[in-house]
Amino acid sequence: MDTIEQRIEGVVDSILEDYRQQRDIDKLDALQHPDKDTVTDIIAKLCRIVFPGYSRDKNYRVYNARHNLSMLIEDVMYHLSRQIALVIGDTEEGTRLSLAFLQTIPAIRAVVQTDVQAAFDGDPAATSKDEIIFSYPGLFAITVYRLAHELHKLGVPMIPRMMTEYAHSITGIDIHPGAAIGAHFFIDHGTGIVIGETTVIGEGVKIYQGVTLGGLSTRGGQSLRGKKRHPTIENNVTIYANASILGGDTVIGQGSVIGSNAFITESVAPCTTVTNKTQELQYRPRGNCCEACEKKC
(Lines give C-alpha, C1' and ligand atoms only; values in the text may rest on other atoms or scores of the structure.)
Protein backbone atom coordinates (compact mmCIF):
# COMPACT_ATOMS: atom_id res chain seq x y z
CA MET A 1 0.00 0.00 0.00
CA ASP A 2 1.25 3.50 -0.88
CA THR A 3 2.33 5.72 1.97
CA ILE A 4 0.50 9.00 2.61
CA GLU A 5 3.51 10.85 1.20
CA GLN A 6 3.28 8.86 -2.05
CA ARG A 7 -0.44 9.55 -2.31
CA ILE A 8 0.17 13.28 -1.84
CA GLU A 9 2.82 13.18 -4.57
CA GLY A 10 0.26 11.52 -6.81
CA VAL A 11 -2.21 14.34 -6.16
CA VAL A 12 0.50 16.91 -6.92
CA ASP A 13 1.35 15.18 -10.21
CA SER A 14 -2.30 15.05 -11.28
CA ILE A 15 -2.88 18.74 -10.54
CA LEU A 16 0.33 19.78 -12.33
CA GLU A 17 -0.85 17.81 -15.33
CA ASP A 18 -4.18 19.63 -15.12
CA TYR A 19 -2.34 22.96 -15.18
CA ARG A 20 -0.94 22.13 -18.64
CA GLN A 21 -4.31 22.63 -20.38
CA GLN A 22 -3.58 26.35 -21.03
CA ARG A 23 -6.94 27.54 -19.72
CA ASP A 24 -7.50 30.96 -18.13
CA ILE A 25 -7.34 29.37 -14.68
CA ASP A 26 -4.04 27.62 -15.46
CA LYS A 27 -1.78 30.69 -15.43
CA LEU A 28 1.20 30.16 -13.13
CA ASP A 29 3.14 33.43 -13.37
CA ALA A 30 1.75 35.37 -10.41
CA LEU A 31 4.34 38.10 -10.92
CA GLN A 32 2.47 39.25 -14.03
CA HIS A 33 -0.65 40.17 -12.06
CA PRO A 34 -1.37 42.79 -9.38
CA ASP A 35 -1.06 41.57 -5.81
CA LYS A 36 -4.21 41.76 -3.66
CA ASP A 37 -2.31 42.29 -0.43
CA THR A 38 -0.34 45.15 -1.94
CA VAL A 39 -3.50 46.80 -3.27
CA THR A 40 -5.13 46.44 0.16
CA ASP A 41 -2.09 48.05 1.76
CA ILE A 42 -2.27 50.91 -0.75
CA ILE A 43 -5.91 51.50 0.23
CA ALA A 44 -4.96 51.73 3.90
CA LYS A 45 -2.20 54.25 3.13
CA LEU A 46 -4.49 56.31 0.90
CA CYS A 47 -7.03 56.46 3.73
CA ARG A 48 -4.24 57.77 5.97
CA ILE A 49 -3.68 60.51 3.40
CA VAL A 50 -7.39 61.33 3.08
CA PHE A 51 -8.01 61.28 6.86
CA PRO A 52 -4.61 62.23 8.33
CA GLY A 53 -5.73 62.72 11.91
CA TYR A 54 -7.81 59.57 12.05
CA SER A 55 -5.48 56.91 10.72
CA ARG A 56 -1.98 58.35 11.06
CA ASP A 57 0.88 56.51 12.71
CA LYS A 58 0.70 57.69 16.33
CA ASN A 59 4.47 57.26 16.69
CA TYR A 60 4.87 60.43 14.65
CA ARG A 61 4.18 63.88 16.04
CA VAL A 62 1.88 66.24 14.20
CA TYR A 63 4.61 68.84 13.54
CA ASN A 64 6.34 66.26 11.34
CA ALA A 65 3.30 66.15 9.05
CA ARG A 66 5.18 67.26 5.93
CA HIS A 67 7.98 64.72 6.39
CA ASN A 68 5.55 61.90 7.20
CA LEU A 69 3.30 62.76 4.27
CA SER A 70 6.28 62.82 1.92
CA MET A 71 7.28 59.32 3.01
CA LEU A 72 3.69 58.09 2.68
CA ILE A 73 3.27 59.57 -0.81
CA GLU A 74 6.58 58.08 -1.95
CA ASP A 75 5.53 54.69 -0.57
CA VAL A 76 2.17 54.78 -2.36
CA MET A 77 3.78 56.08 -5.55
CA TYR A 78 6.33 53.26 -5.61
CA HIS A 79 3.89 50.41 -4.96
CA LEU A 80 1.00 51.76 -7.01
CA SER A 81 3.16 52.44 -10.05
CA ARG A 82 4.53 48.89 -9.85
CA GLN A 83 1.04 47.41 -9.64
CA ILE A 84 -0.19 49.51 -12.55
CA ALA A 85 2.87 48.54 -14.59
CA LEU A 86 2.02 44.88 -14.05
CA VAL A 87 -1.44 45.25 -15.59
CA ILE A 88 -0.48 47.54 -18.48
CA GLY A 89 3.02 46.22 -19.17
CA ASP A 90 4.69 49.64 -19.17
CA THR A 91 6.76 50.85 -16.22
CA GLU A 92 7.07 54.45 -17.42
CA GLU A 93 3.32 54.73 -18.01
CA GLY A 94 2.66 53.16 -14.61
CA THR A 95 4.69 55.95 -13.01
CA ARG A 96 2.89 58.65 -15.01
CA LEU A 97 -0.56 57.31 -14.11
CA SER A 98 0.35 56.99 -10.44
CA LEU A 99 1.50 60.60 -10.30
CA ALA A 100 -1.60 61.80 -12.16
CA PHE A 101 -3.76 59.92 -9.65
CA LEU A 102 -1.97 61.33 -6.60
CA GLN A 103 -2.47 64.84 -7.97
CA THR A 104 -6.26 64.33 -7.71
CA ILE A 105 -6.20 63.66 -3.95
CA PRO A 106 -7.03 67.25 -2.87
CA ALA A 107 -10.14 67.14 -5.08
CA ILE A 108 -11.07 63.69 -3.72
CA ARG A 109 -10.71 64.97 -0.16
CA ALA A 110 -12.95 67.95 -0.95
CA VAL A 111 -15.82 65.72 -2.07
CA VAL A 112 -15.26 63.22 0.77
CA GLN A 113 -15.78 66.13 3.19
CA THR A 114 -19.23 66.64 1.65
CA ASP A 115 -19.97 62.94 2.15
CA VAL A 116 -19.05 63.24 5.83
CA GLN A 117 -21.31 66.27 6.15
CA ALA A 118 -24.16 64.45 4.38
CA ALA A 119 -23.86 61.54 6.80
CA PHE A 120 -23.93 63.86 9.80
CA ASP A 121 -26.85 65.90 8.48
CA GLY A 122 -28.80 62.82 7.43
CA ASP A 123 -28.40 60.56 10.46
CA PRO A 124 -29.83 61.68 13.82
CA ALA A 125 -27.99 58.74 15.44
CA ALA A 126 -24.62 60.31 14.57
CA THR A 127 -23.15 62.03 17.61
CA SER A 128 -20.19 63.56 15.79
CA LYS A 129 -18.33 63.60 12.50
CA ASP A 130 -15.47 61.78 14.23
CA GLU A 131 -17.85 58.88 14.86
CA ILE A 132 -18.81 58.83 11.18
CA ILE A 133 -15.21 58.80 9.96
CA PHE A 134 -14.12 56.15 12.44
CA SER A 135 -17.06 53.77 12.23
CA TYR A 136 -19.48 54.21 9.33
CA PRO A 137 -19.04 51.47 6.71
CA GLY A 138 -20.88 53.57 4.16
CA LEU A 139 -18.29 56.32 4.34
CA PHE A 140 -15.45 53.80 4.01
CA ALA A 141 -17.05 52.26 0.91
CA ILE A 142 -17.67 55.70 -0.61
CA THR A 143 -14.10 56.84 0.10
CA VAL A 144 -12.57 53.76 -1.51
CA TYR A 145 -14.95 54.19 -4.45
CA ARG A 146 -13.90 57.82 -4.92
CA LEU A 147 -10.22 56.84 -4.95
CA ALA A 148 -10.84 53.92 -7.32
CA HIS A 149 -13.04 56.07 -9.57
CA GLU A 150 -10.15 58.45 -10.27
CA LEU A 151 -7.93 55.54 -11.29
CA HIS A 152 -10.79 54.24 -13.45
CA LYS A 153 -11.09 57.61 -15.20
CA LEU A 154 -7.35 57.49 -15.92
CA GLY A 155 -7.88 54.20 -17.73
CA VAL A 156 -6.14 51.96 -15.18
CA PRO A 157 -7.49 48.42 -15.62
CA MET A 158 -8.26 45.87 -12.91
CA ILE A 159 -6.87 47.74 -9.88
CA PRO A 160 -9.88 50.06 -9.36
CA ARG A 161 -12.18 47.03 -9.31
CA MET A 162 -9.88 45.25 -6.86
CA MET A 163 -10.13 48.28 -4.60
CA THR A 164 -13.92 48.52 -4.58
CA GLU A 165 -14.28 44.76 -4.22
CA TYR A 166 -12.07 44.93 -1.14
CA ALA A 167 -14.42 47.55 0.30
CA HIS A 168 -17.32 45.30 -0.74
CA SER A 169 -15.84 42.38 1.19
CA ILE A 170 -15.46 44.55 4.30
CA THR A 171 -18.77 46.45 4.21
CA GLY A 172 -21.19 44.46 2.04
CA ILE A 173 -21.50 47.56 -0.20
CA ASP A 174 -20.78 46.93 -3.88
CA ILE A 175 -19.98 50.10 -5.85
CA HIS A 176 -18.48 49.69 -9.29
CA PRO A 177 -15.61 52.18 -9.81
CA GLY A 178 -17.12 53.21 -13.14
CA ALA A 179 -20.27 54.65 -11.55
CA ALA A 180 -20.53 58.45 -11.50
CA ILE A 181 -21.57 59.72 -8.05
CA GLY A 182 -22.02 63.35 -7.08
CA ALA A 183 -21.14 65.12 -3.85
CA HIS A 184 -23.01 64.87 -0.53
CA PHE A 185 -23.64 61.15 -0.98
CA PHE A 186 -24.89 59.26 2.08
CA ILE A 187 -25.23 55.50 2.51
CA ASP A 188 -27.09 54.60 5.72
CA HIS A 189 -26.40 51.13 7.16
CA GLY A 190 -25.38 49.94 3.71
CA THR A 191 -25.26 46.14 3.76
CA GLY A 192 -26.38 44.63 0.47
CA ILE A 193 -26.22 47.80 -1.65
CA VAL A 194 -25.31 47.31 -5.33
CA ILE A 195 -24.42 50.24 -7.61
CA GLY A 196 -23.68 49.18 -11.18
CA GLU A 197 -20.97 50.39 -13.53
CA THR A 198 -23.00 52.87 -15.62
CA THR A 199 -25.08 54.26 -12.76
CA VAL A 200 -25.21 58.05 -12.58
CA ILE A 201 -26.03 59.59 -9.20
CA GLY A 202 -26.50 63.30 -8.65
CA GLU A 203 -25.77 65.36 -5.55
CA GLY A 204 -27.43 65.02 -2.18
CA VAL A 205 -28.61 61.44 -2.71
CA LYS A 206 -29.30 59.17 0.27
CA ILE A 207 -29.74 55.41 0.03
CA TYR A 208 -30.38 52.69 2.57
CA GLN A 209 -29.40 49.05 2.94
CA GLY A 210 -30.29 46.50 0.31
CA VAL A 211 -30.82 48.99 -2.54
CA THR A 212 -29.96 47.78 -6.04
CA LEU A 213 -29.18 50.20 -8.86
CA GLY A 214 -28.77 47.59 -11.54
CA GLY A 215 -29.36 46.41 -15.07
CA LEU A 216 -32.58 44.95 -16.41
CA SER A 217 -30.83 41.98 -17.97
CA THR A 218 -27.31 40.64 -18.40
CA ARG A 219 -28.22 38.01 -20.99
CA GLY A 220 -26.42 40.03 -23.63
CA GLY A 221 -23.13 39.49 -21.78
CA GLN A 222 -20.12 41.18 -23.37
CA SER A 223 -22.28 42.63 -26.17
CA LEU A 224 -23.62 45.10 -23.57
CA ARG A 225 -20.17 46.46 -22.71
CA GLY A 226 -20.02 50.23 -23.01
CA LYS A 227 -23.79 50.67 -23.07
CA LYS A 228 -25.82 52.51 -20.42
CA ARG A 229 -27.29 49.61 -18.43
CA HIS A 230 -27.93 51.16 -15.03
CA PRO A 231 -30.25 53.93 -13.86
CA THR A 232 -29.75 57.65 -13.39
CA ILE A 233 -30.62 59.10 -9.98
CA GLU A 234 -31.00 62.86 -10.02
CA ASN A 235 -30.23 65.30 -7.19
CA ASN A 236 -31.70 65.02 -3.68
CA VAL A 237 -33.34 61.62 -4.11
CA THR A 238 -33.88 59.29 -1.15
CA ILE A 239 -34.10 55.54 -1.75
CA TYR A 240 -35.26 53.40 1.14
CA ALA A 241 -34.27 49.85 2.06
CA ASN A 242 -34.40 46.99 -0.44
CA ALA A 243 -35.68 49.07 -3.35
CA SER A 244 -34.57 47.94 -6.83
CA ILE A 245 -34.18 50.48 -9.64
CA LEU A 246 -33.18 48.87 -12.91
CA GLY A 247 -32.36 49.79 -16.49
CA GLY A 248 -30.20 52.27 -18.35
CA ASP A 249 -33.18 54.33 -19.52
CA THR A 250 -34.64 54.63 -16.03
CA VAL A 251 -34.34 58.11 -14.51
CA ILE A 252 -35.45 58.97 -11.00
CA GLY A 253 -36.31 62.66 -11.05
CA GLN A 254 -34.81 65.07 -8.56
CA GLY A 255 -36.38 65.36 -5.15
CA SER A 256 -38.16 62.02 -5.40
CA VAL A 257 -38.54 59.48 -2.60
CA ILE A 258 -38.51 55.76 -3.39
CA GLY A 259 -40.07 53.63 -0.67
CA SER A 260 -38.84 50.34 0.71
CA ASN A 261 -39.11 47.23 -1.49
CA ALA A 262 -40.18 49.21 -4.57
CA PHE A 263 -39.31 47.57 -7.90
CA ILE A 264 -38.86 50.21 -10.57
CA THR A 265 -38.03 49.75 -14.25
CA GLU A 266 -39.51 52.99 -15.62
CA SER A 267 -38.62 56.63 -15.10
CA VAL A 268 -40.11 58.58 -12.21
CA ALA A 269 -41.01 62.26 -12.52
CA PRO A 270 -39.29 64.79 -10.25
CA CYS A 271 -40.68 65.32 -6.74
CA THR A 272 -42.57 62.02 -6.72
CA THR A 273 -43.03 59.58 -3.85
CA VAL A 274 -43.17 55.95 -4.89
CA THR A 275 -44.41 53.33 -2.41
CA ASN A 276 -45.86 49.86 -2.52
CA LYS A 277 -49.54 49.56 -1.70
CA THR A 278 -49.79 48.78 1.99
CA GLN A 279 -50.31 45.10 2.60
CA GLU A 280 -53.13 44.15 4.92
CA LEU A 281 -51.95 42.89 8.30
CA GLN A 282 -53.86 39.99 9.84
CA TYR A 283 -54.18 39.54 13.61
CA ARG A 284 -55.28 36.24 15.13
CA PRO A 285 -55.48 35.34 18.81
CA ARG A 286 -52.90 32.77 19.84
CA GLY A 287 -54.79 31.42 22.82
CA ASN A 288 -52.72 30.56 25.89
CA CYS A 289 -49.42 31.73 24.35
CA CYS A 290 -47.17 31.28 27.37
CA GLU A 291 -47.33 29.45 30.67
CA ALA A 292 -46.39 32.56 32.68
CA CYS A 293 -49.35 34.51 31.33
CA GLU A 294 -52.28 34.60 33.78
CA LYS A 295 -54.80 35.34 31.08
CA LYS A 296 -55.22 34.30 27.49
CA CYS A 297 -53.44 36.53 25.00
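Cys-47 is buried, because its relative accessible area is 11%, and buried means under 20%, exposed over 50%, partly exposed in between, with a 1.4 Å probe and protein chains only. Cys-271 has a relative accessible area of 65%, so Cys-271 is exposed.

A word on the source: this is a predicted model, in which local features need pLDDT of at least 70, side-chain atom pairs count only at pLDDT 80 or more, and totals for chains, interfaces and linings use all residues. Residues are numbered from 1 along each chain as its sequence is written, and side-chain values use heavy atoms, with hydrogens and water left out.

Searching the whole structure for disulfides, meaning pairs of cysteine sulfur atoms within 2.5 Å, gives zero.

Next, Ser-244. This residue sits in strand E10, residues 244-246; helices (H or I, at least four residues) and strands (E, at least two) are DSSP runs numbered from the N terminus. Ser-244 is buried, because its relative accessible area is 17%.

Now the cores. A nonpolar core is a set of buried Ala, Val, Leu, Ile, Met, Phe, Trp, Tyr and Cys residues joined through side-chain atoms within 4.5 Å. The largest one has 37 residues, and Leu-46, Phe-101, Leu-151 and Met-163 have the most contacts inside it. Helices supplying at least two residues each include H2 (36-50), H5 (91-102) and H8 (137-153). H2 gives the largest share, seven residues. Another core, of 27 residues, lies apart from it, and Tyr-145, Val-205, Ile-233 and Val-274 are among its members.
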